[in-house]
Amino acid sequence: LTLTVDLCRGLPYASAVSTTMAPTALALLLLAPLSAAAAEGYWWTYPHADCGYCDVTDEYRDMGYNVSTLQDLCATTDGCYGFNTNGILKSSDCGVSCTIASESSCDLWVLRDTPQPTSPPVWPMPASYSSGDATVTLSTKLTWSGDVDSDDVADAISRYQDLMFPHAVSDSSAAAAEEDTVVVSEVVVSILEDDAAELQLYADESYTLVVPATDGGKIELSAPTQWGIMRGLETLSQLVLFDFDANAYTVDNSPWNIEDAPRFPHRQLMIDTARHYEPLSVIRQVIDACTFAKVNTIHWHLVDDQSFPFDSPSHPELAAKGAFSKYERYTDADVASIVEYARKRGVRVMVEVDTPGHASSWCAGAPEICPSSSCLSPLNPATNATFDLMADLFHDLTGGEKRLGLFPETLMHLGGDEVDTSCWGETPEIQAWMDDNGFTEDDAYLYYFNRVTEIAIAQGREVVGWDEIWENFGTSLDPTTIVAAWRTWAINSTDVTSKGYRMLYCPDSAWYLDSLDTTWEARYAEEPATGVAEEDEHLVLGGGGQMWGETADPSDVLPTIWPGMAAIAERLWSPRDVTDTVEAAPRLAGFRCLMESRGVPFAPITNLISRSAPSGPGSCTAQRRRHV
Amino acid sequence: VVSEVVVSILEDDAAELQLYADESYTLVVPATDGGKIELSAPTQWGIMRGLETLSQLVLFDFDANAYTVDNSPWNIEDAPRFPHRQLMIDTARHYEPLSVIRQVIDACTFAKVNTIHWHLVDDQSFPFDSPSHPELAAKGAFSKYERYTDADVASIVEYARKRGVRVMVEVDTPGHASSWCAGAPEICPSSSCLSPLNPATNATFDLMADLFHDLTGGEKRLGLFPETLMHLGGDEVDTSCWGETPEIQAWMDDNGFTEDDAYLYYFNRVTEIAIAQGREVVGWDEIWENFGTSLDPTTIVAAWRTWAINSTDVTSKGYRMLYCPDSAWYLDSLDTTWEARYAEEPATGVAEEDEHLVLGGGGQMWGETADPSDVLPTIWPGMAAIAERLWSPRDVTDTVEAAPRLAGFRCLMESRGVPFAPITNLISRSAPSGPGSCTAQRRRHV
């Protein structure tokens, strides 16, 4: 511990100053080397941010915010490519042992070789935007107008009104703040095409948002559908900051013109309610947080080996005997309430019923569909009892027809992963059935998957399956089948898409949120369309983060999801060329502060191990790289 | 089937929420068809406690698709053992947004914790936007956005009051106050020696009087914190800065003060300011160790160094105390099990006739490694063990009986969306060891 002085606050404090960087972390922090040409570079500023740059010296200089003096000083100091407004000079390269002596509540200035974009304080980055340099005061008595006949939109506006104005402001101080400033007090909302658009894959989520810089001007938010309005409300809410000194809500860098649309139509978070039960209140918190990052799909991994929490109306014995306890179950009405809660927020819910493997919890309630009492899984493909039960259960979920049922979502995930068929060969009845049909174990696996696929299709669904089905069956799969690629080292995206199949990108480790030693930068670096021909890119529907639940329960699931999911969300929403982690880092730190202000447990961003505690006192933006 | 609850407030349905408020209640759940649940209490606060109890009796039976109360009829007569059952939150080491503080308050009510002790400011940051001294937060907060307006504070206090939760503010001085110097350098010894605050200048006490007035409204029952108890800190005061600052040393010489005398002088002056504004003062136990019975007799001693402070001594001299033992009830003491927290007895060594002087105490959530991402699972389950110690009769100490009940409470809290860490992990807030029920509380090494 060393005593340093933070001139932002004028205070000395003790802080850990020496950080030994692991080589992998180090690589992520390295910038493109700036040589002597740096003198011709551009100064970039990162408000309240310290991106992990090493100090040139640990000396601070009492210059307050005198930026030009520090710029001159840096120019004449060997190895200096930046500084923060503590007066500490920064290096662009990091040694094996890196010293970072300042707290990050000061602004960081860094010399780079390209001009700085006017970054909107928005996560994920919009597709396109322009901005100005005016600060606009937003009246807390905001009027929402426009000819919109949609309860869903009215409810969304009501939610965002609360999210935008978290601090209480008295009428008199608001009036005082509005004197001599540019005040905007009306938002005009327009739905251009369909204010009751169905929430399905390919739903239009685009929107246009204009924030004027003229006194008395109106914010304009328009979109083809109500779902685009919701995405635009989120963006608007992220532009609004509370200025404590003025006691007013402001939008900096106005006027804003934002034209935005997602790159991929399917941006999911998978939740796993089989390894741990997640209560309804927790699932609602998860959904709320997703909408803040424009994640538009919950992939609900409903059941697995460990438990069967769904109270199937047709087969109540499955949950009665297969749930963890009497109280860790979901009624059909519970499921419907979650799906409706999500729909109101523009979030689809895709259910996964993972069979024939990952299904041993079914055997407690339905032993007749399991190979034997000693060999539970994969489910028995040799008896119609299995497929009859499956048809009943699917009917509980789908209502038997497209757009109906507990999950009106057209996509239905049937799992199909990690199927160890040895149980089938070891069970005499199943072996005999395979012999009768001339089936190998692999043939039986295909037979099984095709039969459950047919059931789902007959109930108006399109089937998603984990990539083992592609590896094993390839183009013998129904052509509407969507391949969820998790073993991205084994599955060739080029191959899948060039054969005309659609895919979801869910890479193990990189986008597995229970992979705790994966940094946000590593998640951010993934590219779903790698190796995919341009004309086939539309076949990559998107993908998302997988929150496998072995060590995630209500006590830690949210800080395990965030910040990792934020990196994934931006990859799935923003244009392909938005890949600069140096630009993204302070914006992500700002997003963390926003999420925290909305009550979302969002773990420190730069800890090398996910969901580990903050290393010490500091701002929500204090994102010092830290070992565990 | 029971389909009616009769609620009766027997004495005062607008009882003031202060220390010693009556929280007792009677709850009867009948076992006769068409019978009525009866919930009665002297005050509205007792009704709230009874509602919590009733809600914990109700279970959803998935097989019957119905809500049930097992083991009826129930006749519950309940009242807390201690009037002051607190959770301390620390918004100076990390800023906790309003939404997080509301979550913390909600969770407290589920365990019948009735007081938030708000450790508002400290060395690291000064997040409170004082109307009289806005420069304190403008310069002393972590960032432009990590601050509380006075209206924010009022909204939190009202949110808590609606739930029967008092909010006691702590303004910790003269130590733990270096964040004040950014906005008010005139009250600090020097730019190189920031803390403890300067006792030799009236500027210090003038500012303190203004700031206290922001918080108290200047009179009992008024202000942002209508709570009568006001915590003035007074802990970990290293006075060496005073001796090293020539002006302060000269002032001590003039007054014939040792550094300890100056510390007492300081604490007495801020105590007088608080008392003049209608408050009763709480201070950390160093003030007892240093000043003993020279403290104002209304002073309440918050005992955290329970190895150094003799409860017998404090109470036998007629002073009131709060029990907040370091480690055992420090929620950032991550290697303290719930059983260890549960085993603490606040009235240890206190004569029976003095037990009423032990007002209670509570858990301290020091914020060095707790921010919105982990504060709730750091508080729970530890705070649950403390809450039962403070509410339930003294002889409720059997951890074997309590363990499955606590596991059930965890499931309940989780179902209400409260991040409540696994109970039996040896290190607090560590992840569950593997798949399992919310009741699966296998002992696990890290």
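1. Overall picture of chain A. Please keep in mind throughout that this is a predicted model. Chain A holds 19 helices and 24 strands. Of its 628 residues, 60% are buried. When contacts in chain A between residues at least 6 apart in sequence are taken, 73% join residues at least 24 apart.

2. The interface between the chains. Here 59 residues of chain A are in contact with 61 residues of chain B. The area buried between the two chains is about 4300 Å², and carbon and sulfur atoms give 57% of that area. Polar contact is found for 20 residue pairs across the interface of chain A and chain B. On the side of chain A that touches chain B, the elements giving two or more residues are β2 (11–15), β14 (240–243), α6 (280–292) and α19 (581–597). That side divides into 25 nonpolar, 19 polar and 15 charged residues.

3. Charged pairs between the chains. The count between chain A and chain B is four salt bridges.

4. Where does B:T149 lie? You will find B:T149 in the loop between α3 (135–140) and α4 (150–162) of chain B. At 4% relative accessibility, B:T149 counts as buried, because the cut-off for buried is under 20%. A polar atom of the B:T149 side chain lies 2.9 Å from the backbone nitrogen of B:D152. Not counting residues up to four places away in sequence, B:T149 touches A:A168, A:F242, A:F244 and A:N247 from chain A, as well as B:D129 from chain B.

5. Helix α10 of chain A. This helix covers residues 384–398, 15 residues in all. From first C-alpha to last, α10(A) reaches 20 Å, close to the 21 Å expected at 1.5 Å a residue. A:T383 caps the N-terminal end, with a side-chain oxygen 3.0 Å from the backbone nitrogen of A:A385. After the helix comes A:G399, with a positive phi near 70 degrees. The buried residues of α10(A) include A:F387, A:L389, A:M390, A:L393, A:F394 and A:L397, and also A:D396. Among the elements that cover the buried residues are α7 (317–322), β19 (348–355) and α13 (441–458) of chain A.

6. Helix α14 of chain B. How many of the residues of this helix are buried? For α14 (residues 382–391), the count is 10 of the 10, so the helix is largely enclosed by the rest of the structure.

7. A buried alanine in chain A. A:A566 sits in helix α18 (residues 564–573), and its relative accessible area is 0%. Leaving aside neighbours within four places in sequence, A:A566 is in contact with A:W123, A:L588, A:F591 and A:F602. The C-alpha atoms of A:A566 and A:Y524 are separated by 8.8 Å, with the two residues 42 apart along the chain.

8. Salt bridges within the chains. A search of the whole structure finds 55 salt bridges over all chains. In one of them, A:E198 pairs with A:R403 at 2.7 Å between the closest N and O atoms. A:E198 lies in the loop between β11 (182–194) and β12 (207–211), and A:R403 in the loop between α10 and β20, so the pair ties together parts that are 205 residues apart in sequence. A:E198 is partly exposed at 37% relative accessibility, and A:R403 is partly exposed at 47%.

9. A:D556 and A:R611 form a salt bridge at 3.2 Å; A:D556 is in the loop between β24 (540–547) and α17 (557–561) and A:R611 is in the segment after α19, so parts 55 residues apart in sequence are tied together. A:D556 counts as buried, at 7% relative accessibility. In chain B, the side chains of B:D106 and B:R163 meet in a salt bridge at 3.2 Å, N to O. B:D106 belongs to helix α2 (residues 98–110) and B:R163 to the loop between α4 and β9 (166–173), 57 residues apart. Finally, A:D152, A:D155, A:E340, A:R343 and A:K344 are linked in a network of salt bridges.

Note on methods. Residues are numbered from 1 along each chain as its sequence is written. Chains are lettered from A and ligands numbered from 1 in the order in which they are written. This is a predicted model: local features need pLDDT of at least 70, side-chain atom pairs count only at pLDDT 80 or more; totals for chains, interfaces and linings use all residues. Side-chain values use heavy atoms; hydrogens and water are left out. Helices (H or I, at least four residues) and strands (E, at least two) are DSSP runs, numbered from the N terminus. The expected span of a helix is 1.5 Å times one less than its number of residues. Buried means under 20% relative accessible area, exposed over 50%, partly exposed in between (1.4 Å probe, protein chains only). Contact means heavy atoms within 4.5 Å. A polar contact is a pair of N or O atoms within 3.5 Å; within protein, one must be able to donate a hydrogen and the other to accept it, and residues adjacent in sequence count only if both atoms are side-chain atoms. Buried area is the accessible area (1.4 Å probe) that two parts lose on being put together, summed over both. Ala, Val, Leu, Ile, Met, Phe, Trp, Tyr, Cys and Pro count as nonpolar, Asp, Glu, Lys and Arg as charged, and the others, Gly among them, as polar.
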